Structures are given as structure tokens and as C-alpha cells.
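Here are my notes on the model, as numbered points. Please read them with the coordinates open.

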Amino acid sequence: MKFNKELITYLISGGITTGVNYILYGTLLFLHVPYLTANSIAWVGAVLTAYMLNRRWVFHSHRPIAGELCSFAGLRLFTLLAENVLLQILITKLCLTPFPAKLIVSVITVIGNYVLCKFSVFKKEVAYHG
């Protein structure tokens, strides 16, 4: 099996990002912040962490930061919306508590985020040999 450094570094940075997300989410729940608000605030911290790690360590990007960060956060907005909708369903319709619901939702968003980053935000420039 071929060693894929990009995937390994993505998984490690994803673990760090997930840790930031869960620490913020759990802390805010502990402080009695409503779960959708807590998730949205935790999302901001996680997106900033993920961007820094993905830019430097995973995809080694040298593009201008402002546009790339906007693109990164903009695409991740879709995952925030998906997370909040899925959390709402799992908590209100399936009667899960906020933290286990977040664990389930995270599996879906981690996969989605990798695909969005790999093929959109940090896609490699194709050299033209004409």
C-alpha cells in the first residue's frame, strides 16, 4: 500500500481541529450555551485552526491568504449548515443529547471537508505545457 503523506497529515490536522471543536463545544455546553450557538462558535474556532494547518502542513499552499481563507470558510459554511440541521434532527427528533449527536454528525462533516478542500480550495495548479 502506497504511503500517502497528504492523507496522513490531513487526518492528524483533522484530529487537532476536531479537538479544538469539541473542547469549545463541550465548554460552551457546560456554560449552558444553547447547542446550535455552541456548535456555531466552535465551528469558527475549528475553521481557523483547520485553515492554518491545511494551508501550511497538509496542502502546502502559497496562494494569497485572504482569498483562500474566504474560499475555505465559505465552503465550510455548507458543513456548518449541515451540522446544525443534522444536530437539530438528532436532538429534537431522535432525542439524542447534544454531545453524542455531535459525534455522529462529525463523521459526515470530516469526509465532506476533505473532499471540499482537496478538490476546491487547495487544488493543485495544472501546469500548461503548450
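1. Start with the annotated spans. The end C-alpha atoms of residues 7-25 lie 26 Å apart. That span is 100% helix and 0% strand. Bear in mind that this is a predicted model.

2. Residues 31-53 come next. Here the chain is 83% helix and 0% strand. The end C-alpha atoms of this stretch are 28 Å apart. Both spans, 7-25 and 31-53, carry the UniProt annotation "transmembrane region", taken from an unreviewed entry.

3. Overall fold. The chain has 4 helices and 0 strands. Read from the N terminus, the order of elements is α-α-α-α. The chain has 130 residues, and 35% of them count as buried.

4. Helix packing. Two packed helices are described by the angle between their axes and the distance between those axes. For helix α2 (residues 35-58) and helix α3 (residues 65-93), the angle is about 145° and the axes are 9 Å apart. The crossing of α2 and α3 is right-handed. Residues in the contact of α2 with α3 divide into 14 nonpolar, 7 polar and 4 charged.

5. The C-alpha atom of Q88 is separated by 9.0 Å from that of Y35, although the two residues are 53 apart along the chain.

6. Empty space. Rolling a probe the size of a water molecule over the atoms shows where empty space is left. The largest pocket has a volume of about 290 Å³. Its lining is made of 21 residues. Nearest the centre of the largest pocket lie T17, T18, R76, V110 and N113.

7. Which elements give two or more residues to the lining of the largest pocket? They are α1 (5-30), α2, α3 and α4 (98-121). Helix α1 gives the most, with 9 residues.

8. The lining of the largest pocket divides into 8 nonpolar, 11 polar and 2 charged residues.

Terms used
Residues are numbered from 1 along each chain as its sequence is written. This is a predicted model: local features need pLDDT of at least 70, side-chain atom pairs count only at pLDDT 80 or more; totals for chains, interfaces and linings use all residues. Side-chain values use heavy atoms; hydrogens and water are left out. Axes are lines fitted to C-alpha atoms, for helices over the stretch in contact, and angles run from 0 to 180 degrees between N-to-C directions. A crossing is left-handed if the near helix is turned anticlockwise from the far one by less than a right angle, and right-handed if clockwise. Ala, Val, Leu, Ile, Met, Phe, Trp, Tyr, Cys and Pro count as nonpolar, Asp, Glu, Lys and Arg as charged, and the others, Gly among them, as polar. On a 1 Å grid over the protein atoms alone, a cavity is a set of points where a 1.4 Å probe fits but cannot get out, and a pocket is an open set with protein on both sides within 12 Å along at least five of seven lines; lining residues have an atom within 4 Å of a point. Grid points are joined across faces, edges and corners, and a volume is the space filled by probe spheres set on the points. UniProt positions are given in the numbering used here, feature names are shortened, and annotations may be inferred rather than shown by experiment. Buried means under 20% relative accessible area, exposed over 50%, partly exposed in between (1.4 Å probe, protein chains only).
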